[in-house]
Amino acid sequence: MNHFELRGGELHCEDVPLKALADAVGTPVYVYSSATLERHYLVLRDALTGAGLRDPLIAFAVKANSNVAVLATLARLGCGADVVSEGEIRRALAAGVPPERIVFSGVGKTAREIAFALDAGIAEINVESEPELRLVDAIARDKGRRAAIAIRVNPDVEAGGHAKISTGKADNKFGVSFAEAERLYANASNMAGLKPLGVACHIGSQITDLAPMAAAFAKMRGLVERLRAEGLSVERLDLGGGLGVPYFNQPEPPSPADYAAMIAGVTQGLDVQFAFEPGRMIAANAGVLLARVLHVNERPEGRRFLVLDAAMNDLLRPAMYDAYHDIRPVAPRPGAPLAYDVVGPVCETGDTFTRDRLLPPLEAGDLVAFMSAGAYGAAMSSEYNSRPLAPEVLVKGADYAVVRPRPTYDEMLAREQPAPWLEPA
Ligand code: LLP
């Protein structure tokens, strides 16, 4: 469920009419619903605790939506953060996420990032390889510290979904095999700079079938049991993120309750603290990208192009993954639907959001909303074609706040400087 609804023939976010918001802030613009973010977090938390999982750490995957106001909205409910860079650690801390609720993932952490994470006191570094294990140990010893780590395992399961976002197969770059994990965990317990806390996995994203997750989690349980049988302490089991969301025409994903029940079943009797790294299921349907129609270009040969002021630099998912986003007119006009090719102004054919999409009739100046754009939307945007980053707006009830303003052209240019030999004489 989300809080984007037609009221009086006009799309609203909570109690804010999106047309008025777009007129005030301009387009393209990302709009997030606080109530939806909060609801998704609470539904997941209640499902997990309701299934009997003890005090789970829910660490929102900051990569999905890294706006500090979004992170702060979740942090106020007790949500933690799963981060993959120093930038994301800084964002999470700025949003008020306590370091003991931050998990640091990623295959290529730099020495500087690891040192920063240790100084910040973050809860768990998910180590993805043997060289990284040695690096974390060395940096922690240098500081006279013991780094709390988890070993990230690659459970070698096929989770379905788009190849570019599948992470749990043995030929993906993520994590180590089960055999390696056992060896590294035992080694880590003898390293002065490390405190092995547990094991972690994440098998992919937009997963709509529980079976591959259940298979992976059962293997993770086996690993915990084998490590304990060797006399090693395993306090935490991090099961990653990946639960899919409904993108309108796609398979209905499992509910958080079904997900939680599956986990409770697979891990029954295993006394661990669970951690989760959900991104999409919390943020996707809590955000839309609003765009305005620049032209309707009807070709005599038949194609009808809807040219928007939003482009692939604002919302990359369709160009990158052929992702489907529902597109809704903000104030739908009456009339039979027409087939549109929805495109942006960027100079490449890939800047096509969808082809032959049936939409109510649209005219220049109308507004449309790309639904389910709260995850991997603004976070993946760029200034390609020197288009300023779309601003981000957070709605709460009848209020809204611009939480990332649109940069001015002066700000954009001020980040660059001429090479000395190019200075005017
Ligand atoms: N944990 C780790 C280690 C991850 O790599 C990811 C996502 C997550 C958690 C969160 O997964 P989620 O719950 O959001 O599925 N840009 C792509 C998605 C890339 C996901 C990468 N890793 C997209 O737009 O579909």
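This is a predicted model: local features need pLDDT of at least 70, side-chain atom pairs count only at pLDDT 80 or more; totals for chains, interfaces and linings use all residues.
**Helix H9 and its covered face**

- The buried residues here include Pro256, Tyr259, Ala260 and Ile263, which belong to H9.
- Viewed along the axis of H9, the buried residues fall within an arc of 95°, so they line one face of the helix.
- An α-helix has 3.6 residues a turn, so residues three or four places apart point the same way.

**Positions listed as a binding site**

- An unreviewed UniProt entry lists Gly242, Glu277, Pro278, Gly279, Arg280 and Tyr376 under "binding site".
- Gly242 sits in the loop that runs between strand E11 (236-238) and helix H9 (256-266).
- Because Gly242 has 29 C-beta neighbours inside 10 Å, and 20 or more is the cut-off, Gly242 counts as buried.
- Setting aside residues up to four places away in sequence, Gly242 touches Ala159, His202, Ile203, Gly204, Ser205 and Ile207.
- Gly279 is found in the loop between strand E12 (273-276) and helix H10 (280-283).
- Gly279 also counts as buried, because it has 24 C-beta neighbours inside 10 Å.

**The position listed as an active site**

- For "active site", UniProt lists Cys347, again in an unreviewed entry.
- You can find Cys347 in the loop between strand E16 (338-343) and strand E17 (352-359).
- Cys347 has 9 C-beta neighbours inside 10 Å, and 12 or fewer is the cut-off, so Cys347 counts as exposed.

- In helix H4 (residues 86-94), the buried residues are Glu88, Ile89, Arg91, Ala92 and Leu93.
- Their cover includes helix H3 (68-75), strand E6 (80-83), strand E7 (102-104) and H5.
- After H4 comes Gly96, with a positive phi near 90°.
- H5 (residues 111-120) in turn packs against helix H6 (residues 130-142) at an angle of about 55°, and their axes are 10 Å apart.
- H5 and H6 are therefore oblique to each other, and their crossing is right-handed.
- Where they meet, H5 brings Ala111, Ile114, Ala115 and Leu118, while H6 brings Leu135, Val136, Ile139 and Ala140.

**Backbone details to look for**

- Most residues other than glycine have a negative phi, and most peptide bonds are trans.
- The peptide bond from Thr27 to Pro28 is cis, with omega near -5°.
- Pro28 lies in the loop between helix H1 (18-25) and strand E4 (29-33).
- Asp55 is not a glycine, yet its phi is positive, near 35°.
- The loop between H2 and strand E5 (57-61) holds Asp55, and this residue counts as exposed because it has 8 C-beta neighbours inside 10 Å.
- Ser386 is not a glycine either, and its phi is positive at about 50°.
- Ser386 is placed in the loop between strand E18 (367-370) and strand E19 (392-396).
- With 9 C-beta neighbours inside 10 Å, Ser386 counts as exposed.

How values were computed: Residues are numbered from 1 along each chain as its sequence is written. UniProt positions are given in the numbering used here, feature names are shortened, and annotations may be inferred rather than shown by experiment. Helices (H or I, at least four residues) and strands (E, at least two) are DSSP runs, numbered from the N terminus. Two residues are in contact if their C-beta atoms, placed from the backbone, lie within 7 Å. The arc is that of the directions from the helix axis to the C-beta atoms. Axes are lines fitted to C-alpha atoms, for helices over the stretch in contact, and angles run from 0 to 180 degrees between N-to-C directions. Angles under 35 degrees count as roughly parallel, over 145 as roughly antiparallel, 65 to 115 as roughly perpendicular and the rest as oblique. A crossing is left-handed if the near helix is turned anticlockwise from the far one by less than a right angle, and right-handed if clockwise.
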